[in-house]
Amino acid sequence: MFKNYLKVALRQLSKQKMYTAIKIGGFAFSIAACLLITLYIGNELSFDKSYPDASRIYRIVGAYNDGSIHEKGVDWPAVMAKTVKNNYPEVEKSGRLMPNSLFWGAGSNELKRADGVDNTHEDGFAYADQSLLEILKVPIVYGDLAHALSEPQTMVIAKSKADKYFPGQNPVGKVMYLNNNKSRPYKIGAVMQDFPETGHLHYNFLLTLTGVQFWNGEQETWGASNYSVYLLLKPGVNVSNLNKKITDGIIKGYYIPDLVRSGNKNAEKMSAMLNMYLQNVKDINLQSYDIHDGMSHGDIRFVWLFGAVSVFILLIACINFINLATAKSANRAKEVGLRKVVGSQRSGLINQFLTESLIYSFFSFILGLILAAMLLPYFNILASKTLTIPWLQWWFAPAIIVAAVIIGILAGIYPAFYLSGFKPVDVLKGKLATGSKSSALRNGLVVFQFTTSIILIISTVVIYNQMHYILNKKVGFDKDQVLMIQGTNTLENEVKSFKNELLKLSAVKSVTISDFLPVSGTKRNGNQFHNEGKEKLEAGTGGQFWDVDEDYIKTMGMTLVAGRNFSPNLKTDSQAVIINQAMAQKLGLKNPVGKRISNYGPAVPIIGVVKDFNFESLRDGLDPLVMHLSNSASIVSVKIKTDDVKSTLAQITATWKKFSPNQPIRYTFMDEQFANMYADVQRMGRIFTSFAVLAIIIACLGLFALAAFMAEQRSKEIGIRKVLGASIANITRLLSVDFVKLVFIAIIIASPIAWWAMNKWLQDFNASNRINISWWMFTLAGITAILIAVLTVSYQSIKAALMNPVKSLKAE
């Protein structure tokens with residue numbers, strides 16, 4: 001019996017080549033998209049699951065809630081890890097991670113072997129406790145996990161770096177220098193396996209915290225927070241209860257008393273604003289979108305979004321199948337009637353039609369897998385991933401087969417019951433001879449297809465406009481033609497001489513020495529500031545404290561709105577500051593020049609106020625900032641005043657080689673670095689564009705086939721109309737207008753849904769840094785959808801209108 005089902009099904013496929021191609025093609029594209037999105041989602045969900053004790057590993061997160069201000073972070077005092085371990089028996093181990101590039105050694109460095117000559121730039125340095133390695137059970141290639149970071153001045157390096165610097169050797173015990181600093185040699189304590197790509201930690205070099213103290217008392221104070229704290233809990237611990245115990249115990253037992261001892265009058269009020277909780281390591285990648293942790297990670301909201309998009313794209317393809325199967329019902333009606341007359345049961349007919357559906361599904365999956373393999377490199381670029389199709393995994397083939405069966409049954413179940421339900425009497429009397437010219441279900445499914453497509457079009461338009469707004473918004477500084485030369489801290493005392501040599505070049509407008517810059521990947525230093533004399537009376541104002549030189553404001557193209565710039569000729573300026581407008585507002589200073597402010601030390605005078613500029617992502621607002629004269633020399637920024645960039649770069653490189661012949665020059669342009677801050681938004685825009693195009697193509701395939709069928713079914717009517725004088729335009733309009741009406745309905749349904757979704761997405765950006773969703777975006781999407789639909793239908797409409805009426809009427 002199955003052999004007969006198969007034979008009939010294959011005959012149907014070969015008999016209706018165009019409809020078969022559209023059904024299989026639409027299915028194949030949707031399956032390829034679903035497979036790629038499934039790989040993406042699987043990758044995102046697999047993060048940080050490789051640790052043996054992942055279910056018991058947590059990091060401490062702090063939440064601050066004060067009216068409209070809601071912030072979360074993971075930075076804690078150095079003493080936090082020890083305090084939690086000693087006070088809570090539920091905690092088996094605690095360990096710290098300190099990746100803050102504000103401190104020497106963390107972030108990026110120029111690295112070389114002790115017996116080497118040339119420096120090589122390396123990223124991915126962080127300080128870590130020996131206990132952190134034990135909590136994560138980091139796999140060790142060379143050395144001993146138990147003593148890898150137990151001694152001062154030791155470090156653990158990744159295997160890929162060991163192979164780079166010590167090929168074919170066991171480097172344990174070897175010495176390396178950071179930034180040419182021979183007074184602080186680092187001995188390699190162990191070589192670890194590289195952290196997996198599916199993890200939130202991506203460090204290649206872990207420097208020991210054993211014996212480290214960044215300033216006197218730093219390891220004991222509760223007043224400075226720079227460490228992430230990880231905990232290994234004992235089995236069976238109730239995390240919710242522990243969250244409450246830690247919040248009450250740490251905040252009320254340590255933080256508040258410390259504030260009281262320092263004379264803070266608002267200490268008790270702050271206890272109600274602070275909260276602490278533990279975040280499981282497996283949740284860090286997807287559940288940290290609202291946590292300031294300085295790491296790049298995924299977003300569970302995007303996972304849900306992309307999952308929903310893949311389902312909708314698959315539904316669009318299934319709708320094509322259902323629409324075409326029911327629309328072509330008249331062509332199968334006599335077959336069903338005759339089969340029933342000669343004794344076929346309805347169950348047999350259902351099995352026949354489901355077999356056809358399954359064959360469509362299997363062919364579509366085969367083609368879909370081929371398309372997915374071809375599109376994977378493009379998708380990896382699109383999503384910034386390195387995904388691979390798991391061809392050789394034992395579960396892959398069974399999963400594909402099961403999916404093909406499920407999709408085949410789901411797509412074919414309604415047509416199977418619909419077609420098998422025809423009554424032989426009605427069929428043989430000719431009541432179904434003309435087929436189904438209109439169907440509420442079919443129209444509803446077409447509306448659903450175009451509603452989905454229009455939502456994706458509107459979303460793409462909004463995302464691209466937001467991206468254009470961000471990249472072209474005046475951000476308060478001039479990021480164009482600013483060259484950032486990195487790794488200049490190795491020049492040590494010669495960095496100012498290097499700056500002076502650069503200023504001699506005719507193409508150089510100005511130069512500044514500072515690695516505190518208004519783009520990502522540069523230093524940050526959060527402090528608390530007070531008006532003079534009010535340190536113990538008012539809560540401090542949080543803000544950045546940047547080290548700059550006297551040419552910083554000029555090179556960055558910033559604007560002074562009050563006071564003056566730093567002067568190298570005034571020694572007193574080393575004890576003065578320039579603030580931004582946001583800091584003046586937060587401190588309540590209407591005329592700030594001449595006023596004095598403090599941060600953990602003697603008060604200093606304000607000599608100038610700079611116009612606010614965005615130095616963090618435009619998702620955030622304008623934060624308070626204080627600048628003071630100091631040396632922070634790992635980046636030298638050069639403002640170029642020529643269009644001959646190639647020649648200027650050659651001159652700058654030649655100057656660099658005079659000062660550092662054993663270290664290649666590294667540089668980037670500030671506008672590129674600024675754009676990189678929004679790479680995730682650009683990536684989302686490209687993904688939505690791809691999905692929108694795919695959804696429209698699949699929907700139009702179905703529309704094309706439906707238009708062809710309708711033209712075929714109404715061929716006699718068209719012939720009569722042409723005989724009576726109807727023009728080609730009239731016939732085209734006749735066949736197109738019904739489809740255009742459906743697209744109009746889809747526009748009406750899609751517009752409020754798209755507005756709600758995109759308005760929600762724009763909330764991630766600060767109110768002053770986001771676009772308004774405008775009426776023209778919906779109009780553009782609507783016109784696009786209508787034009788695509790009209791062009792798709794018009795081909796079949798014009799073809800039908802041009803047909804000789806004699807051919808369609810000769811049988812009458």
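User: What makes Lys 479 count as lying over the face of Phe 674?

Analyst: In this predicted model, where local features need pLDDT of at least 70, side-chain atom pairs count only at pLDDT 80 or more, and totals for chains, interfaces and linings use all residues, Lys 479 lies at 4.7 Å from the ring centre of Phe 674. A charge sits over a ring if NZ of Lys or CZ of Arg is within 6 Å of the ring centre and within 35 degrees of the ring normal. Residues are numbered from 1 along each chain as its sequence is written, and side-chain values use heavy atoms, with hydrogens and water left out.

User: Which residue lies over the face of Tyr 289?

Analyst: That residue is Arg 301, at 4.0 Å from the ring centre of Tyr 289.

User: Why is the pair of Phe 498 and Phe 659 called edge-to-face?

Analyst: Rings of Phe, Tyr and Trp (its six-membered ring) pair if their centres lie within 6.5 Å, and planes under 30 degrees apart count as stacked, over 60 as edge-to-face and the rest as tilted. By this rule there are 26 aromatic pairs. The ring centres of Phe 498 and Phe 659 are 5.6 Å apart and their planes stand at 70 degrees, so the pair is edge-to-face.

User: What makes this pair a link between distant parts of the chain?

Analyst: Phe 498 belongs to helix H14 (residues 495-503) and Phe 659 to helix H17 (residues 645-659), 161 residues apart; helices here are DSSP runs (H or I, at least four residues), numbered from the N terminus.

User: Are Phe 498 and Phe 659 buried or exposed?

Analyst: Both Phe 498 and Phe 659 are buried, a word that means under 20% relative accessible area, with exposed over 50% and partly exposed in between (1.4 Å probe, protein chains only).

Key: Helices (H or I, at least four residues) and strands (E, at least two) are DSSP runs, numbered from the N terminus.
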